[in-house]
Amino acid sequence: MIMYFSATGNTKYCAEFIASRTNEGSVVSLNEMMKNGIHEIDCNGQKRLGIFTPVYDWNMAYSVSEFLKGLEFRNVPDDCYIYGVFTCGSASGISDETLKGILSEKGLKLSASFVVAMPDNFVLMLPQKSDDAKRAIFTNADKTLHEITKDIEEGKQVFRSMGRKLPGFMMFMIRKFFIPSQKKVKGFSVNDNCTGCGLCEKLCPMNIIVIENNRPVWKKDNCACCLACLHRCPQKAINRGRSAKNGRYTNPNVKM
């Protein structure tokens with residue numbers, strides 16, 4: 001079984017790539033589970049469980065970690081090979097440590113963790129890379145995914161990371177100040193290109209977007225900062241921070 005969270009397609013691509021090569025029985029969207037309030041999952045005694053998530057702020061996406069803390073895993077064999085796959089632009093930070101801790105609280109053991117570099121999509125601060133640069137990243141990502149697939153099939157207990165880890169006091173500051181600021185929705189705006197199609201409301205895993213008077217309204221300061229609403233708006237009508245200048249991104253190799 002594979003579980004994944006994906007806003008722009010990077011992590012979904014990795015999940016589907018490995019699932020197709022390891023003959024996993026099922027691939028489950030954490031986005032849909034979060035959106036629909038599903039707080040338990042039956043692993044049906046499967047011998048492998050993969051958890052795929054993007055990295056935000058040098059850690060696994062905070063909305064995913066909070067969701068996993070409250071998720072009940074049922075019928076997980078004692079010898080289940082549980083692995084994490086983290087997608088990031090340049091650094092995986094403490095993602096593996098966070099996932100290991102969450103599973104440990106449930107009496108489960110993380111057997112391995114892997115990292116795949118993908119085009120960065122945090123357009124609130126960073127501009128998009130050139131198309132040539134993205135193609136090079138995708139080529140390297142496929143090579144990495146082939147290696148990960150082999151390690152998974154061989155049941156290797158390895159913990160791979162990418163980039164540097166921030167000092168503890170900096171991680172504390174991120175948790176204390178940066179993440180709470182990202183959860184706030186005040187910075188979102190909608191221009192006149194909006195048609196009120198409702199896709200943003202449908203995509204939001206936190207259920208905080210509601211269409212009112214043919215326009216999206218962010219109702220609660222509980223944003224996952226996944227930016228699915230922004231990146232996947234067909235009219236490019238949603239903006240936040242520097243996104244109007246930094247562009248939009250969706251993985252071209254996966255159907256969302």
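Predicted model: local features only at pLDDT ≥ 70, side-chain atom pairs only at ≥ 80, totals over all residues.
Contact here means heavy atoms within 4.5 Å. Leaving out residues up to four places away in sequence, isoleucine 41 touches Met1, Met3, Val28, Met33, Leu71, Glu72, Phe73 and Arg74.

The largest nonpolar core has 36 residues. Met3, Ile41, Leu49, Leu68 and Phe73 touch the most other members of that core. Which elements give two or more residues to this core? They are helix H2 (30-35), E4, helix H3 (62-69), E7, helix H4 (95-105) and E8. E4 gives the most, with four residues. A second, separate core holds 25 residues, including Ile94, Leu166, Phe188 and Cys229. In soluble globular proteins, nonpolar side chains tend to be buried together.

Turn next to helix H5. H5 covers residues 131-153, a run of 23 residues. From first C-alpha to last, H5 reaches 33 Å, close to the 33 Å expected at 1.5 Å a residue. Its buried residues are Lys134, Ile137, Phe138, Ala141, Leu145, Ile148, Thr149, Asp151 and Ile152. What covers them? The cover includes helix H1 (10-22), strand E4 (48-56), strand E7 (81-88) and strand E8 (110-117). After H5 comes glycine 155, with a positive phi near 65°.

Now the cysteines. How many disulfides does the structure hold? It holds zero. A disulfide needs two cysteine sulfur atoms within 2.5 Å. For cysteine 80, the closest cysteine sulfur is in cysteine 43, 6.5 Å away, so the gap is too far for a bond. Cysteine 80 is buried, at 8% relative accessibility. For cysteine 226, the closest cysteine sulfur belongs to cysteine 223, and at 6.5 Å that is also too far for a bond. Cysteine 226 is buried as well, with a relative accessible area of 10%.

The last stop is a loop. Asparagine 207 sits between helix H7 (199-203) and strand E10 (209-212). Is asparagine 207 buried or partly exposed? At 42% relative accessibility, asparagine 207 counts as partly exposed. The side chain of asparagine 207 makes a polar contact with the side chain of lysine 35, at 2.7 Å. Asparagine 222 lies 15 residues from asparagine 207 in sequence. In space, the two are 9.1 Å apart, C-alpha to C-alpha.

Technical notes
Residues numbered from 1 in each chain as written. Heavy atoms only, no water. Expected span 1.5 Å × (residues − 1). Buried < 20%, exposed > 50% of the residue type's maximum accessible area, 1.4 Å probe, protein only. Polar contact = N/O pair within 3.5 Å; in protein donor to acceptor, adjacent residues only side chain to side chain. Core = buried A, V, L, I, M, F, W, Y, C linked by side-chain atoms within 4.5 Å.
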